[in-house]
Structures are given as C-alpha cells and as structure tokens.
Amino acid sequence: MSATIALWLLVLLPATTGALLCLLPRVERVAGVVAIGVATAGLALAVVVATAQPAAAVPFLAGAGFDLRVDGLSAIMLPTVAAVTLLVLIFAAGDIREGRARFHGLMLIFAAAALLTAVAGNLVTLLFAWEVMGATSFALIGFWWRDEHRVASGTTAFITTRAGDLGLYAAAGAALGGGAGLGLAELTDATAGWRDAAAAGLLVAALGKAAQLPFSFWLSRAMDGPSPVSALLHSAAMVAMGGYLLLRVAPLLESTGWADTAAAWIGAVTALLLGAVAVAQRDVKQLLAASTAAQLGFVVLAAGLGAQSGGVAHLVAHASTKAALFIAAGAWLTALGTRRLSGLAGAARRWRLLGLSASLAALALAGIPPLSLWATKDAVLTAALEESLWLYIVGLAASALSAVYAAKLIFAIWRRADAHTATHYDEHEQGTRHAGALDSVPVAALAVGAAVLGMLALPPLSGAVARALGQERAQPGVWELIASGTIALVLVLASTRWRLPEPRWAAGWLGLELAADRLLVRPTMRLAARLARFDDAGIDAAAERAAEGAAAIARGAASLDDSGIDAAADGAAAAAMTTARAAASLDDRGVDRSVDGFARRVWRAGRDSARAQNGQLHHYYAQAVGLLGAVVVLLLVIGR
C-alpha cells in the first residue's frame, strides 16, 4: 500500500464506516466491535502516514484543490488522535447501551474530521473538516436528544464555537484579497493589511474551538454529553484542534507583529483564570473541563511565543492525560451515578486499577516530576521567560493552580467514604455499582502515556521534535524545571493535609455565560422582538391597510360599474338608438326622397330630351341656334 493511499484511507475509512453505522441501525449489536476495528486500522494507518509524510490533492474548487499534507507537526498529532480515539471507543463499547450504532457512527465521523483537520493543506480542506467536526460535536453533546437540557447544552456549545468559526471564512477571504492563495503555508505572503485580517480570523476561530477566553463557557455546557464524548472531544480532538491550528500558523501570527503577542497573553490569562475556575469546582467533570481550557492555554501561549516544539509536546501529553481522567470520571459516573466530588470518596479504593491509573494521570496533570506535563509545561514557560518576565510569572502561577486542582481530585477519590457519601449516589443517573475491564484498561494505557510522553520535551527527543518542526533545539531550563516541580510537590502535599481555600468567585465560570447572555443573547432577542413588532405593527399593518384600500377601490369600482358605468352604457345605448332612429328617418325622408327626386328629374330630362330626337330637321336647326345664342351670351358676360 502506498503512503498516499494510506493517507486517503486514514480519513475515508472512519468517515464512510461512520456514515453507514448511522444509516443502518440494525447493526446495533456489532456497532462497537466495528468501530473498534476501524479505529485499530486507523491507528496503523496513522503510523504509516506519520512515517512516510505523504501529500495528496484532488480538484475541488476553481483555483483550490482538496489538499492533504503531512508535515512534522501533523506527523506527531495523527497517531495521538488515532490512539486516543481507539481507547475511547473501547470504553464506549461498555458505557453506551442505547443508540450504539448512531453513537459509534458519529464518533467515527468526528474522528475522521479531526484527522482531516490535522492534515489539511489549505483553507478549503480546513473549512470542510472544521464544519464537519463542529456539526458532529453538536450531535454528540446532545446525543440524548430526549433530554431538552442536554440538547440545549449542545446548542450552546455549537453556537458559541460557530461564532468563532466565522473567523475562518474571514481568513479565507483575506487570503484571497491579499493575493496569497488559500494554502496555509503561503498565508504569510499576503499583503500587510490582508495578512493581519487573516491572522485575526484564524486566531478567533482557534480560540473558540480551544475554549479560550472569552469563549470558555461552552466547555462547561459540553459536559452534559456522554462521557466518551468528553473523553475524545475535550482531550485529543475539538479543543486540541484549536491549539493545533495556532501552532500550525505560528509563522503567520509572528509576521503580523501583534497576533503572536495577543495569542500569548490570551493563553496565559486563560491558563490562570480557568485554573482558578477548576479549583472552585465540586463536580468532577466540571473540574476536568475547566482544567482542559487552562491546559490548552499553555498550548496557545506556546503558539504565540513561536515555541511549536514545546506546544505540540504539551498538546500530546495533555491529550493522553485528560482522556484518562475523563474516561475514569465516566466510569465512576456509570458505576456510582454521581459526578459530585464528595460522592466519589473511596472510588479509587473500590476499583484499584482504575483508581491508580487515574491518580497517575492526575499527578501528571499537577506537574509532578518526572511525569509528562511537568516537562512540557516548563518547555513553554522557558520560552515565556525569554519573551517576558510577566508572561512567565502568569504562566508559573497557572502551573501552580494545576497542582491544586489535580490534588483536589486525588484527595476526593482516595479519602475514605463516610455516612454522607452514599447520599450522593445516583444523583445524575442510575449507577450500576460496577466498573469492568473496558473501563480500567483504556485508563491504564492512557496513564502510561501521561507518565512518559514528557520525554518529547526533554533530550534527546526534544531535539528530534524540533528538527521535525524545522526549529532550533529547545528544551526547558534546569532551574525552571526545579522551580515548577518543587512548587507542584509542595502544593499537592499541602492539599492532602489542609483544605486550601476555594475561589468561590470563579465557581460560575467567571460569569462568562451570563455575560454572553446579557451582552449578546438578550440584546439580539430584544432586537428580534422589536423587529417582529415593527413587522406586525408597521409592515403587516401597512400591508393590511393597503389591502383594505385595494378592497375599497375594488368596491368603489364595482359600485361605479353598477351605478355609473352601467347607467352611462344604458344612456349611450339609448342615445345610439335615438340617433339610429333619426338616421333612419333622415334616410327615409331625406336621402331616399332626394335620390328619388333627382332620379325623377333626370328621367324627365331624359324624356324631354328624347322628344327633340324625332328625326325632323327644323327641330335640329332650332336647337343649334338656341345653343349658339347661349354661347354668345356667355362670351359677352365673360368679356365684361
């Protein structure tokens, strides 16, 4: 099999299989097995494609083809997305009990869109993948469509990210206007003003998908979706694709002179504030959601700093770590029926493999040495220190908060259950009181990744990653590693001994959804209501008055027709009859009599002249003398 064919199959195999599963509900029983088989093949294809790094294109639009390209960055990302997809689908095979064919079909289509996003070579392909990814995320978050609240949450997530997605269309228009074409690598060739517009559009679109400020609140609502959806969409895909896009267009951000700085500060502030939100949460999925936005803040920070190697290392390590924690949270939700941290007391003791694996992932999230996120975060923070001391301080504070919220989770699952713990069971759904191998094995495999993937940011792998991305070798500084590791250890130990204060002001996700409701939703609805009233009272009323006027004119015309036109027609007809009778009388008494009288006179003249034609000569002479006399008289009269 050629590498090009493998590249096409990597996208088309899950997409077509997913479509068939959605259209053929009778395969309900084997849907999970089919999805796992396709995901396994996808992982193998991803390894082949990442190794060969092929490119492929087919005609699609005038002046722009459907372009797929694998470079160093996508070669790192593809196996990550494929591996997490496989492990999440293994978990979903045991967790999803209804609508399996539709669920696994949508998950495969979503995974295909995420993979296509990773290999998109131009904005046409990227837009296509981006739209499919957004549509399937809406369907997956609101998968339990009979529950109006879940559907509303899916709608909120979709509309919020959709608002940011408009930036991609603006970027495409700016790329064409600036003469750079639609290729992602050529965007820096656009003229200055258009280049700025393209960078702004891509920045907004990526921030929306990555749940960065001010878009972060949609991720909170997305937690109403099934647990496997959270494990895939909010670890290696969806939010990860937002950060990945910024890493990919980092040269464009840098070329503007402002977009890179904006991205860096937005990422750092998001990491800090959403870290505070995570610390304030008492719902395990809400804690993980807020921490996802915070950790993606480090990726956005790396993109703004041009530290692509540190950013992609953090993105990969975080995908493995967060997928493990989301699957563990989903397993506990299925078993105990609760997402409340106080209801998870003793969960790690009850299911040891699941608890140990989740704890390992949580320690990696905290930044405990030598686990993965310790090194990857410091690779980003080292680049921040080279750029700005204040940027480094904000990033370091955000890193410290990650230790606090990770420790909060670890403490919750390992402390002994008390009399109040069972009161929280079955709060969110009916628990099964069982967690099997399909729950524990994927978490254990992902926890191994959470432990070792930090090597991507350390020698010698950090040099290989930098060379693959075409960058200079970059790695975290020794003192930065010691400082962040020490802070993380101290905070985790302190959290296990003392209950650290919670920033309750951040518990409501900084009021972002309320602000969006008051600043955007309500004004839009009021404007819509006013336009509706104007339509009813103005346009519709004017139309009704116009209709009434037309009806009155019609009635007047009808009345005029009855009383005026008909009467005039009758009068005209009567006048015509009178004229006709007068004409007939004139014809009888005048014309006919004149004709008859003229005819009689001609007849008499003819009769009289005929009398002179009697053959007697003296009569002819007498007529000739009379005629001559008449001529002479005429000449005498004319002569005078």
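T80 has a relative accessibility of 11%, so this residue counts as buried (buried is under 20% relative accessible area, exposed over 50% and partly exposed in between, using a 1.4 Å probe and protein chains only). The model is a predicted one, where local features need pLDDT of at least 70 and side-chain atom pairs count only at pLDDT 80 or more, while totals for chains, interfaces and linings use all residues. Residues are numbered from 1 along each chain as its sequence is written, and side-chain values use heavy atoms, with hydrogens and water left out.

T80 sits in helix α3 (residues 72-95); helices (H or I, at least four residues) and strands (E, at least two) are DSSP runs, numbered from the N terminus. Setting aside residues up to four places away in sequence, T80 touches A236, V316 and A319, with contact taken as heavy atoms within 4.5 Å.

Next comes a helix pair. Helix α10 (residues 239-248) packs against helix α14 (residues 308-336) at an angle of about 165°, and their axes are 10 Å apart. Axes here are lines fitted to C-alpha atoms, for helices over the stretch in contact, and angles run from 0 to 180 degrees between N-to-C directions. That makes α10 roughly antiparallel to α14 (under 35 degrees is roughly parallel, over 145 roughly antiparallel, 65 to 115 roughly perpendicular and the rest oblique). The crossing of α10 past α14 is left-handed, a label used if the near helix is turned anticlockwise from the far one by less than a right angle, with clockwise being right-handed. On the α10 side, A240, Y244 and L247 meet Q308, G311, V312 and L315 of α14. Sorted by type, the residues of this α10 and α14 contact are five nonpolar, two polar and no charged; Ala, Val, Leu, Ile, Met, Phe, Trp, Tyr, Cys and Pro count as nonpolar, Asp, Glu, Lys and Arg as charged, and the others, Gly among them, as polar.

Then there are the aromatic rings. Rings of Phe, Tyr and Trp (its six-membered ring) pair if their centres lie within 6.5 Å, and planes under 30 degrees apart are stacked, over 60 edge-to-face and the rest tilted. By this rule the count is six aromatic pairs. One of them joins F60 and F128 edge-to-face, at 6.5 Å centre to centre with 80° between the planes. F60 belongs to strand β1 (residues 55-61) and F128 to helix α5 (residues 123-141), so this pair ties together parts 68 residues apart in sequence. F60 is partly exposed at a relative accessible area of 43%, and F128 is partly exposed at 42%. F128 also pairs edge-to-face with F66, at 5.5 Å centre to centre and 85° between the planes. Since F66 lies in strand β2 (residues 64-69) and F128 in α5, that pair bridges parts 62 residues apart in sequence. F66 is buried, with a relative accessible area of 10%.

S440, in helix α19 (residues 437-452), counts as buried at 9% relative accessibility. Neighbours within four places in sequence aside, S440 is in contact with L353 and L354. I159 is placed in helix α6 (residues 148-177) and counts as exposed at 53% relative accessibility. I159 and G134 are 25 residues apart in sequence, and their C-alpha atoms are 9.6 Å apart in space.
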